Amino acid sequence: PTSAHVSAMPQPERFRYTLDNDLLTTEQRQFYEDNGYLLIKKLVSDEDIERFRKEFMRICKKEVKPPGAMIMKDESLRSQYGQSEKAVNKVQDFQEDEELFRYCTLPEVLKYVECFTGPNIMAMHTMLINKLPDSDNQTFLHPMHQDLHYFPFRPASRIVCSWTAMERADQDNGCLIVQPGTHKTPLQPHGYPKWEGKTNKLFHGLLDEDEKTPRVHLVMEKGDTVFFHPLLIHGSGINKTSGFRKSISCHFASSECYYIDVKNTTQEHLEKELVEMAREKYNMTSVALRDIWNFRARLVQGERINL
């Protein structure tokens, strides 16, 4: 069913976050309903991951310059390492890089995405994260947050993140940390955490975090993929190893989702920050949050309807 038919499903209270499909078992659906995430082992091939890794290296070396991509660097390491993976911690918005964007079109990924979004699928937000060794400064610790804070479109239950480990991710190198069941909570106020000198641009976190909520560290092997709800509270720890922890991800949404006005909401200050960044980067005099997302969004399956 498409998102328009969800309310007409039998047992609407049992399956609120997944759509009827022939792929997920009843147990898998129930696990996602209860916990807000679902881990699928060895979903993406080693060959594909190696291709993504090579393209990331080419971007680090400036051999390719994807239009619109944001290359996030640790400026303190740039003088030491120059243009290399040792200084680049994230490539965001790679929708114009055909090699990396292949991730968002992989049939093995999209067949799972469809269980949450329905058949009309937009790739909305893309990232390749290269978590650098960081035992002292904790520069790349991402505070606990809800991804919906960044998104001006709804409904939340028709949005899903696909996050694939490009090598083993565990507590030593800063794996994902999730708080199961928090996808059932409302969107909470976010902002910069009060960490002395340890906040990255746009690394917003919960302003009022409940330390007692149980946490799960998602230990993943290369190719393992976790799908999670945009209201699930999650973050990642620091990388205490000497290596790099790479992952590739995309937030997908049903093209039947619709944009909302974030004025007078907890997301309003984020809109101001993003618009200001876009004005500076592209020298635009007038830009709206919806314009930024229209630029990022690409259809990957079915029909483009609203987004």
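Which residues of the largest nonpolar core touch the most other members? I began my notes with that question. The model I looked at is a predicted one.

**Entry 1: the core**

I found 38 residues in the largest nonpolar core. Those that touch the most other members are Tyr 103, Cys 104, Val 109, Phe 227, Ile 248, Phe 252 and Val 300. I then looked up where the core residues come from. Helices α2 (46-60), α4 (98-105) and α5 (107-117) each supply at least two. So do the strands β1 (37-40), β3 (88-92), β4 (121-131) and β14 (245-254). Helix α5 gives the most, with 6 residues. As background, nonpolar side chains tend to be buried together in soluble globular proteins.

**Entry 2: Tyr 103**

Tyr 103 is in contact with Val 44, Phe 52 and Val 109, among others. The list also includes Ser 162, Trp 163 and Thr 164. Further along the sequence, Tyr 103 meets Thr 225, Ile 248, Ser 249 and Cys 250.

**Entry 3: Asp 48**

Is Asp 48 buried or exposed? I read a relative accessible area of 11%, under the 20% limit, so Asp 48 is buried. Asp 48 lies in helix α2. Its side chain makes a polar contact with the side chain of Arg 102, at 2.3 Å. Not counting residues up to four places away in sequence, Asp 48 touches Arg 102, Leu 106 and Glu 108.

**Entry 4: helix α1**

Next I took helix α1, residues 26-35. Its buried residues are Arg 29, Tyr 32, Glu 33 and Asn 35. What covers them? The cover includes β1, α5, β7 (159-165) and β12 (225-228). Gly 36 follows α1, and its phi is positive, near 85°.

**Entry 5: aromatic pairs**

I counted 9 aromatic pairs. Tyr 37 is buried, at 7%.

Tyr 32 and Phe 116 form a tilted pair. I noted 4.5 Å centre to centre and 45° between the planes. Both residues are buried. Tyr 32 lies in α1 and Phe 116 in α5, so their pair ties together parts that are 84 residues apart in sequence. Tyr 32, Tyr 112, Phe 116 and Phe 227 form one aromatic cluster. Phe 227 had already come up in the largest nonpolar core.

**Entry 6: charges over rings**

I also checked for charges over rings. Arg 296 lies over the face of Trp 293, at 4.5 Å from the ring centre. The charged end of Arg 298 sits over the ring of Phe 101, 4.1 Å from its centre.

**Entry 7: an open sheet**

Last, I traced an open sheet of 4 strands. The order is β5-β13-β8-β11, and the pairing is antiparallel. Which strands stand at the edges? They are β5 (142-145) and β11 (216-217). Each has a single partner strand, so one side of each is left without a neighbour in the sheet. Strand β8, residues 176-178, pairs with β11 over 2 bridges. I looked up Ile 177 and found that its bridge partner in β11 is His 217.

Methods: Residues are numbered from 1 along each chain as its sequence is written. This is a predicted model: local features need pLDDT of at least 70, side-chain atom pairs count only at pLDDT 80 or more; totals for chains, interfaces and linings use all residues. Side-chain values use heavy atoms; hydrogens and water are left out. A nonpolar core is a set of buried Ala, Val, Leu, Ile, Met, Phe, Trp, Tyr and Cys residues joined through side-chain atoms within 4.5 Å. Buried means under 20% relative accessible area, exposed over 50%, partly exposed in between (1.4 Å probe, protein chains only). Contact means heavy atoms within 4.5 Å. A polar contact is a pair of N or O atoms within 3.5 Å; within protein, one must be able to donate a hydrogen and the other to accept it, and residues adjacent in sequence count only if both atoms are side-chain atoms. Two strands pair if DSSP finds at least two bridges between them. Rings of Phe, Tyr and Trp (its six-membered ring) pair if their centres lie within 6.5 Å; planes under 30 degrees apart count as stacked, over 60 as edge-to-face and the rest as tilted. A charge sits over a ring if NZ of Lys or CZ of Arg is within 6 Å of the ring centre and within 35 degrees of the ring normal.
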